[in-house]
Amino acid sequence: MAFSGMAKRRSRRILFTIGLITGLLVLFAGFFYFCGGWALSTPADLTICNGDEPQTLDPAIVTGQLEGRLCLALFEGLTTRNAKGDIIPGMAESWTISPDGLTYTFHLRPGTKWSNGDPLNAYDFLNSWERTLNPATASQYSYQLYYLVNGEAYGMGKLTDFSQVGVKTPDDHTLVVTLTHPTAYFLELTSFQTLCPVHLPTVKKYGTDWTKPGKMVSNGPYLLKTWRLNDYILLEANPYYWRPVPLPRIKVLPTSTSTACFNLFYSGKTDLIIDKSSIPPELVPDLKNEPYFHANPFGGTSFIRFNVKRKPFDDVRVRQALALALDKKDIVEKITRAGEPVATTLVPPGNASYTAPQGLGYNPDEARKLLAEAGYPNGRGFPDVNLLYAGRGMGTQMATEIQALWRRELGINSIHLRGQEWKVYLNTQQLIDFDLCVSAWVGDYNDPQTFLDMFVTGGGNNDTNWGNARYDEMLKTSESTPDVAQRMQILHDMEKILVVDEVPIVPIYFYVGMSLYHSDKLGGYEPNFVDDHRWGEFYLPGKKP
Amino acid sequence: MTAIILRRLLQAIPVLFIVVTLTFLLVRSAPGNPFSTEKKIPAEIMEQLEKQYDLHGSLRHQYLQYMGKVLHGDLSISTQYRNRTVNEIIAQTLPVSMVLGSSAYFLALVFGVTFGGWAAIRHNQWGDRSIMLTALLGLSIPSFVLAPMLVMLFALKLNLLPAYGWGSPDQIILPAICLSIPFAATIARLTRGSLLEVLQLDFIRTARAKGLSEDAVLFRHALKVAILPLIGYSGPAAAGILTGSIVIETLFGIPGIGQFFVNSALNFDPFMTSGVVIVFSVFLILFNLFADILYFVVDRRVKLE
C-alpha cells in the first residue's frame, strides 16, 4: 500500500515536470516562430553599412546624416544632386530666378508619380512645406523654410494663414517661391530632405505610423520594402520614378560598432561603408593605403569654444594665446590620423567663390608673450578651468591631448577634463555651463553662411556668450547682397573678426569624409565636398546605364 | 499551490510599480533631454515636442500621464525611434533575444552540468583541474574580448561562420556560444561543488553499500540532490540571458532587446528605458517563481509559502 502510494506520488511529480518542460518548449517554439528571422538573408544588388539604426524616416522630422541618406533615396525634392554633388533638376524640370534673387519659379516634370501611382503635383510641395512649418509637426529643421516670406512667422505660430507664406501654386505644375532675401544656396536647400514632399493622404491615414513598409508612399528612386529594427532595411527601385534606377535592390545594415562594420566589409558581406564613424579609427592609418579606402574633404570643422563670460577667457589675449599655442598638427597626426587638414579658420575650404582670411597659426612664442601680458607668465596663476567634451569616439583622446599641449606650450596646469555622455554634453553646451568646450559643426549646405551665422549675438548655436554688434550688422548686410563677390568679401571680413581679432573659438581641423568600397564593384559614388551621395546614382560597373 | 502562485503574482504588482516609478523619475530628473541635438531646438518646437510625448508640465503630471498609459498596456512612444511605440519595439526585439538566449541557456546547462559533474567524479585529477581552469577562464574573460577573438578565428581567418548579422541559423552559433560561456562556467562550478558535497553524504554510502553500480549511484541518487543549488541560480540567470546582452548584441549585430537596456538610458528615452525595465522585472519575477516551483517539485522538503 505504502509503496504504491509513493510510486503514484512520484509518477505525478514526473508528469508535472514533463508538463512544465513541454510548456516551456512550446513557449520557445512560439517565439522562434514569431521571430520570423529564419528566412535566409535577403539577397540585394548592393549592401550598405549606413551607421546606426535610423531614428525616423519622415523627411520633415529627420535631423541626422544617416537618416538623411535614406530619406534622399526614398524621396526627392525639386532639385537633386548628381554623383559629383552638383545640383541637378529633380522633381522640377527647370526653374527661373528673378533678377533680384527673390523669386524662384519651378516647373515640375510632367507625368511624375508617387510610388503608389498617384500623380505628383505642385500642391504636394505646398502642402508638405506647410506640414514641415506647422508648429504641430515640431520639425527641428523647419528653419530651412524660414527663408520663405513669412516662413518664420508661420513656423513660430505667430501667423496662422499659410496663404501669406511665400509659396504659391499658379497651376498643377508650377511652384512660385518668394524669399525674404537673396539666398545663393536656395537650390541646395530644395535638394535637402526637409524640403522633400510627402504623400499627405498616407500621412493623414496612418499618423506617426506612415513611415513603415507597406504604408509609406514615396517619390524618390527607391521605395521602402522592409524595415526591421536594428536588423536591416530593404529598398526596392520605385517603378514610378521618372528615370530608370540602375540597382533594383539595396540592403541597408544598421551597425552600431565600427569594428562590426569593418568585419562585414572585410569578409565581403557588405559592399560599401559610407560613414567615417563606421570605420575603426585605430585602423585608419593602415587602411589609408588600401585601394578600397576613399577619402575626401567635406564641410565640417572641429573647434574649441571659449565661454567668454568666465575668467580668464573674458580677456581676448588669453583666447589668442591658447589659439596660437595649440599644436593642431600634433592632434591630427596623433589622434584623428585620417589626413585631416589643420584648420586656422572656421569655414572649411570647398566653396570656390570664398577666400578665407589668414587665421592664427601655431606660434608658441607669441602665445607665451600674450599670456604673460594677460598676467599669467608661464601659466602662473592661471585659474582652474574645465574642458568639456563628449566621451564618445575620439572625444577623450582629443581632450587629453589638448590639455597636454597647453601644458607643454604655456605651462598651464589647471585645465581639468570634464567628459560627459553625448546628450548630457549637448545640454551642458547649450546652457553654456563650461569654460572650454570641444565642439564641431557640419555645414547644411556649401556656403560660408552656414558656419558664420552660428556666432551672431545670442544665436541658438552660438554657445560662447560672445557677441559683436559689427559682426551682426555685417551678417545682415551680407544677406541682402545679391552680388556674390561682394557678399563673400563681407563674409571674409566677418570670419576675420571671429578667428583673428576676437577668437571666441579655436578651429582645430577640417573634417575628412571616408568610405570603403571596391571601385570595380560600385560606380556612381564619387567623393564630393558636401558628402552627399545619392543612392539612385549607384550602378554596377560594366552595367553602366 | 495555485493559491500560492497567485499570491506571489499579486505581490509582484507593487514591486513592478515601484521599479517603474523609480526608473521613470530617475530618467526624467537626470540632466539631459531626449530631444537635444547639436543644433539648438527653438523653444516653441521643444514645447511642441514635449507636448506630443506628454513630457511637458510638472514631473508629477508627466508621471501620472505615463502611469495612466502603462495601466492600459500602452508603454508610449520611443523618443529616440520616433515612429515606433515601445510595445512595437519590444514585440520586435524581445523574441530575437529570447531565441538567442534560450539557445545559449540550453548550451550552458548541457555543458555546465556535464563538465561540472565530470570534474566532481575526477576530483583532484587532471580532468578536474583542467575543467576548473577552463571554467575560471570562461568566467573571467569578458565577452567583449572573447567575442572578437572568436570572430577573428572563425569568421575572418577560417571563414566558417558569419561575423555579423541575424536571419540565418548559422548566424546564431557564435553569439550563442559567447553568451553561454560565463553561464556554463558558473553552472559547472556549482554542479561540481554541490556534487562533491553530496557524494560525501550518508545516503550515498548506503546506496553504494547496497551494491548499486556507480552509474546508478550517480544518476539516480547523487545528481538529483546535487542539482538543487543550480535551480536557485538558474532562475535569475534565465531572466538575464533571455533578455539579451548589450555586448553580444552590439558586437554581432543581433536585433535584440539587450542593447536598449543601455542605449535607451544614454538617449534619455524615458519610455523605452521604463519599458525594458518592466520587461526585465517581469522576467525576473516569473523565473524566480518558476525556480521556486521547481524546488518544490524536486525537493519535497521545501514548502511553498
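Guide: What follows goes from the whole chain to single elements and then to the contact between chains. Keep in mind that this is a predicted model.

Visitor: What is the secondary structure of chain A, and what are its dimensions?

Guide: Begin with counts and extents. Chain A has 16 helices and 16 strands. Its C-alpha trace spans about 105 × 75 × 50 Å along the principal axes.

Visitor: How much of chain A counts as buried?

Guide: Burial is judged here by counting C-beta neighbours, and 20 or more within 10 Å make a residue buried. By that count, 45% of the 545 residues of chain A are buried. A:E152, which lies in helix 4 (residues 151–155) of chain A, shows the use of the cut-off. A:E152 has 19 C-beta neighbours inside 10 Å, so it counts as partly exposed.

Visitor: Which residues have the most contacts inside the largest nonpolar core?

Guide: That core has 215 residues, and those with the most contacts inside it are A:C49, A:L74, A:Y222, A:A321 and A:V506. Take A:Y222 as a case. Leaving out residues up to four places away in sequence, A:Y222 touches several residues, including A:L74, A:L235, A:V245, A:I250 and A:W535.

Visitor: What is the strand order in the open sheet of four strands?

Guide: The order is 4-5-7-6 in chain A, and the pairing is antiparallel. Strand 4 (92–97) and strand 6 (167–171) of chain A are the edge strands, each pairing on one side only. On average, neighbouring strands of this sheet are turned by 20° against each other, direction ignored. Inside the order, strand 5 (residues 103–108) and strand 7 (residues 174–178) of chain A are joined by five bridges; A:T103 has A:T178 as its bridge partner in strand 7 of chain A. Helix 3 (residues 122–133) of chain A packs on the sheet and touches strands 5, 6 and 7 of chain A. The direction of helix 3 of chain A makes about 160° with that of strand 6 of chain A.

Visitor: Why is strand 15 of chain A described as largely enclosed?

Guide: Compare the buried residues with the length of the strand. In strand 15 (residues 436–442) of chain A, five of the seven residues are buried, so the rest of the structure largely encloses it. Strand 12 (residues 293–306) of chain A pairs with strand 15 of chain A in the antiparallel sense over seven bridges, and A:I304 has A:V438 as its bridge partner. Strand 13 (residues 385–390) of chain A runs parallel to strand 15 of chain A, with two bridges; here A:L388 stands opposite A:C437.

Visitor: Which residues of helix 10 of chain A are buried?

Guide: For a helix, ask which way the buried residues point. In helix 10 (residues 328–336) of chain A the buried ones are A:K328, A:I331, A:V332 and A:T336. Their arc around the axis is only 90°, so they lie on the same side of helix 10 of chain A. Helix 12 (395–410) and strand 16 (505–516) of chain A are among what covers them. The face turned away carries the exposed residues A:K329 and A:K334. A:R337, which follows helix 10 of chain A, has a positive phi near 55°.

Visitor: How many residues does each chain bring to the contact between chain A and chain B?

Guide: Chain A brings 49 residues and chain B brings 47. Helix 1 (2–35), helix 7 (258–266) and helix 13 (422–430) of chain A each supply at least two residues of the chain A side. Helix 1 of chain A gives the most, with eight residues. By class, the chain A side has 20 nonpolar, 21 polar and eight charged residues.

Conventions:
Residues are numbered from 1 along each chain as its sequence is written. Chains are lettered from A and ligands numbered from 1 in the order in which they are written. This is a predicted model: local features need pLDDT of at least 70, side-chain atom pairs count only at pLDDT 80 or more; totals for chains, interfaces and linings use all residues. A residue is buried if 20 or more other C-beta atoms lie within 10 Å of its own, exposed if 12 or fewer, and partly exposed in between; C-beta atoms are placed from the backbone. Two strands pair if DSSP finds at least two bridges between them. The arc is that of the directions from the helix axis to the C-beta atoms. Two residues are in contact if their C-beta atoms, placed from the backbone, lie within 7 Å. A nonpolar core is a set of buried Ala, Val, Leu, Ile, Met, Phe, Trp, Tyr and Cys residues joined through C-beta atoms within 7 Å. Ala, Val, Leu, Ile, Met, Phe, Trp, Tyr, Cys and Pro count as nonpolar, Asp, Glu, Lys and Arg as charged, and the others, Gly among them, as polar. Axes are lines fitted to C-alpha atoms, for helices over the stretch in contact, and angles run from 0 to 180 degrees between N-to-C directions.
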